Amino acid sequence: MTTASTLLREQGLRVTAARVAALDVLDTAAHLSTDEIATAVRERIGSVSVQATYHLLDALTAAGLVHRVDLAGFPARYERRATAHHHLACRGCGHLVDVDCSAEDGPCVHLADRQGFAVERAEVIFWGLCP
Ligand SMILES: [Zn+2]
Ligand SMILES: [Zn+2]
């Protein structure tokens with residue numbers, strides 16, 4: 001099993017207690033907001049500010065270790081699930097659920113006209129109301 005500190009080193013990132021804790025937190029739960037991650041990291045290592053959590057999540061996202069889901073009207077969520085998937089999102093409460101992608105490789109949504117783009121993937125958010 002690859003540990004969080006190995007992953008950080010492989011991406012050329014400095015290994016800090018907060019970064020390791022954030023990766024560990026996201027291993028156990030998906031779709032957490034920055035506030036939720038800051039709270040969980042604090043439980044593990046004692047103290048970290050929300051501002052510091054924003055910065056470390058930016059670094060982890062830029063390095064590809066974490067994926068950010070931007071939801072209009074709700075705080076961004078973070079997850080570590082690497083395989084292609086889409087999301088069901090509730091416009092009422094912001095609840096987010098994973099749905100599998102129907103394609104193993106490449107985008108599962110096909111465009112009538114790619115306009116010259118080399119399309120690598122598609123991210124779909126299915127908006128509606130949760131049960
Ligand atoms: Zn809802
Ligand atoms: Zn997800």
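In the predicted model, the donor residues of the zinc ion (ligand 1) follow the sequence spacing C-x2-C-x36-C. These donors are the SG atoms of C90, C93 and C130, which coordinate the ion at 2.2 to 2.3 Å. C90 belongs to strand β3, whereas C130 lies in the segment after β5 (125-128), so the pair ties together parts that are 40 residues apart in sequence. C90 has a relative accessibility of 4% and therefore counts as buried, the limit being under 20%. C130, at 34%, counts as partly exposed.

H31 is buried, with a relative accessibility of 12%. H87 is buried as well, its relative accessible area being 5%.

Helix α2 also packs against helix α4 (residues 50-62), with the axes 10 Å apart and at an angle of about 70°. The two helices are therefore roughly perpendicular. On the α2 side the contact is formed by A18, R19, A22, L23 and L26, and on the α4 side by L56, L57, A59 and L60. By class, eight of the residues in this contact are nonpolar and one is charged, while no polar residue takes part.

How values were computed: Residues numbered from 1 in each chain as written. Chains lettered and ligands numbered in written order. Predicted model: local features only at pLDDT ≥ 70, side-chain atom pairs only at ≥ 80, totals over all residues. Heavy atoms only, no water. Buried < 20%, exposed > 50% of the residue type's maximum accessible area, 1.4 Å probe, protein only. Axes fitted to C-alpha atoms, helices over the stretch in contact; angles between N-to-C directions. Helix = DSSP H or I, 4+ residues; strand = E, 2+ residues; numbered from the N terminus. Parallel < 35°, antiparallel > 145°, perpendicular 65-115°, else oblique. Contact = heavy atoms within 4.5 Å. Nonpolar A, V, L, I, M, F, W, Y, C, P; charged D, E, K, R; others polar. Donors = N, O, S within 2.8 Å, 3.2 Å for Na, K, Ca; no water.
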